[in-house]
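Welcome! Please keep the picture open as you read.

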Amino acid sequence: MSNVFRELAEGGSIFRNEDAFAPEYLPEAILGRESEVKELAFALRPISENRRPQSVVVYGPPGTGKTCSVRHVLAQLTDYTSRCFPIYLNCWNYPSRVSVLCKVAEEIGMFVPRRGVAVDEIWAEIVSVLKQAKKVPVVVLDEADVVAGDEQGIFYDFLRMRENEGIDVGVMAITNRGDVLAQLDTRIRSSFLQSFMEFKRYTPAQLKEIVKERAREGLRAGAYSEEVIGMCSAFGAKNGGDARIALNLLWLAGRNAEKEGREEITTEDVDSVKGRVLESMKNDRITELEDLDRHIVEFIKKAGSAGVGTREIYDEIGKNERTVRLHLGKLESMGLIEVASSGEGGRNRVFRFRT
Ligand SMILES: Nc1ncnc2c1ncn2[C@@H]1O[C@H](COP(=O)(O)OP(=O)(O)OP(=O)(O)O)[C@@H](O)[C@H]1O
Ligand SMILES: [Mg+2]
């Protein structure tokens with residue numbers, strides 16, 4: 001009997017391995033981040049010599065390779081030494097102190113009941129498991145800016161694990177915002193201060209290498225041209241030096257060609273999906289936002305291309321200026337809004353939605 005899925009599977013002539021375009025895919029090579037990878041490795045190296053690793057804050061704009069570089073270094077470390085206990089978690093999924101602790105407990109093999117867990121109890125048990133395991137945990141808190149207010153105590157818990165519990169631990173916090181530490185308590189800040197790593201936007205040349213390599217990993221050899229690679233990397237360069245945008249463009253263009261039963265991605269395929277790449281990127285970010293951010297973005301979006309002044313935004317949101325300013329800064333760095341004019345000598349900046 002003929003089967004539509006079998007036909008699709010056999011007919012595919014664009015992708016060699018479409019998984020290479022999935023968000024969680026870890027590329028075979030991290031290109032253009034050699035010095036950052038080395039620096040991260042340097043911070044963790046003490047683990048292999050029974051010493052305490054350094055904690056690091058990694059920050060930079062979206063799509064600059066923060067997550068994949070850190071994951072790459074963790075994978076290399078576990079390949080090199082069995083003394084490491086890598087624990088990666090994305091704070092969008094674990095935004096509170098107790099949820100982070102439960103996740104860590106689960107990762108190190110503890111049984112965690114779903115309800116009625118006391119933070120102190122979980123903590124005590126994590127400590128005892130880690131002491132027995134004689135391994136150094138490296139806790140990666142990705143999207144760490146999501147952890148707010150009192151929940152930030154979690155950073156302190158881990159950073160002071162050595163002083164308080166005699167356990168060496170490495171903490172890596174990843175964030176879009178370099179200013180995230182400004183909101184942290186001084187005791188947390190001082191533990192992080194030595195290692196602060198900025199990931200800069202990719203240059204067009206770096207993006208080209210990244211896209212080319214991913215095409216090699218994910219597409220069939222004859223399915224793409226230099227021109228297609230160039231268009232995708234240029235698009236990523238234009239939209240914030242963002243590798244995710246460049247790679248998603250190539251991926252969707254590939255799907256478009258495949259859907260139409262062609263064996264090669266054309267420049268028309270690329271052009272036809274540009275709008276969708278930008279649209280889906282913005283939607284992803286908006287759904288990820290906390291309520292306050294979403295409220296601000298939607299208010300600004302409603303104002304259209306003329307934009308809206310900071311003062312009106314304060315009035316609408318009804319929070320203190322400092323809080324709103326921090327959120328505006330974050331939304332701007334995420335590429336969702338932009339400054340339309342500095343207004344009245346910089347005192348009433350006008351923001352508009354970035355289209
Ligand atoms: N240097 C690189 N080499 C190969 N692939 C890369 C590189 N940098 C980024 N990528 C790819 O680009 C995409 C985005 O990278 P990544 O998720 O690491 O960005 P990020 O800096 O963590 O972004 P965000 O702040 O939005 O979380 C991923 O698919 C990743 O595999
Ligand atoms: Mg990331």
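Predicted model: local features only at pLDDT ≥ 70, side-chain atom pairs only at ≥ 80, totals over all residues.

- Strands of a sheet pair through backbone hydrogen bonds, and the pairing can be parallel or antiparallel.
- Strand β2 (residues 84-90) pairs with β3 in the parallel sense, over seven bridges. To find this pairing in the picture, look for Cys-84, which stands opposite Val-136 in β3.
- Strand β4 (residues 170-175) also runs parallel to β3, and four bridges join the two. Here Val-138 has Gly-170 of β4 as its bridge partner.

**The five-stranded sheet**

- In which order do the five strands of the open sheet come? The order is β2-β3-β4-β1-β5, and the pairing is parallel.
- The edge strands are β2 and β5 (196-198), each of which pairs on one side only.
- On average, neighbouring strands of this sheet are turned by 15 degrees against each other, ignoring direction.
- Strand β1 (residues 56-59) pairs with β5 over three bridges, in the parallel sense. Within this pair, Val-57 stands opposite Phe-196 in β5.
- Helix α3 (residues 66-80) packs on the sheet and touches β1, β2, β3 and β4. The direction of α3 makes about 160 degrees with that of β2.
- Helix α4 (residues 97-107) packs on the sheet too, touching β2 and β3. The direction of α4 makes about 140 degrees with that of β2.

- Glu-36 has its place in helix α2 (residues 34-44).
- Is Glu-36 buried or exposed? Its relative accessibility is 13%, so Glu-36 counts as buried, the cut-off for buried being under 20%.
- Leaving aside residues up to four places away in sequence, Glu-36 touches Met-197, Glu-198 and Phe-199.

**The three-stranded sheet**

- Another open sheet has three strands in the order β6-β8-β7, with antiparallel pairing.
- Its edge strands are β6 (308-309) and β7 (337-341), and each pairs on one side only.
- Two bridges link β6 with strand β8 (residues 350-353) in the antiparallel sense.
- Helix α13 lies across β6, β7 and β8, and runs at about 90 degrees to β8.

**Two helices in contact**

- Two packed helices are described by the angle between their axes and by the distance between those axes.
- Helix α13 (residues 291-302) packs with helix α14 (residues 310-317) at an angle of about 130 degrees, and their axes are 11 Å apart. The two helices are therefore oblique to each other.
- The crossing of α13 and α14 is right-handed.
- Which residues make the contact? From α13 come Leu-292, His-295, Ile-296, Phe-299 and Ile-300, and from α14 come Glu-312, Ile-313, Glu-316 and Ile-317.
- Sorted by class, this contact has six nonpolar, one polar and two charged residues.

Key. Residues numbered from 1 in each chain as written. Chains lettered and ligands numbered in written order. Heavy atoms only, no water. Axes fitted to C-alpha atoms, helices over the stretch in contact; angles between N-to-C directions. Parallel < 35°, antiparallel > 145°, perpendicular 65-115°, else oblique. Left-handed = near helix turned anticlockwise from the far one by under 90°. Contact = heavy atoms within 4.5 Å. Nonpolar A, V, L, I, M, F, W, Y, C, P; charged D, E, K, R; others polar. Pairing = 2+ DSSP bridges. Buried < 20%, exposed > 50% of the residue type's maximum accessible area, 1.4 Å probe, protein only.
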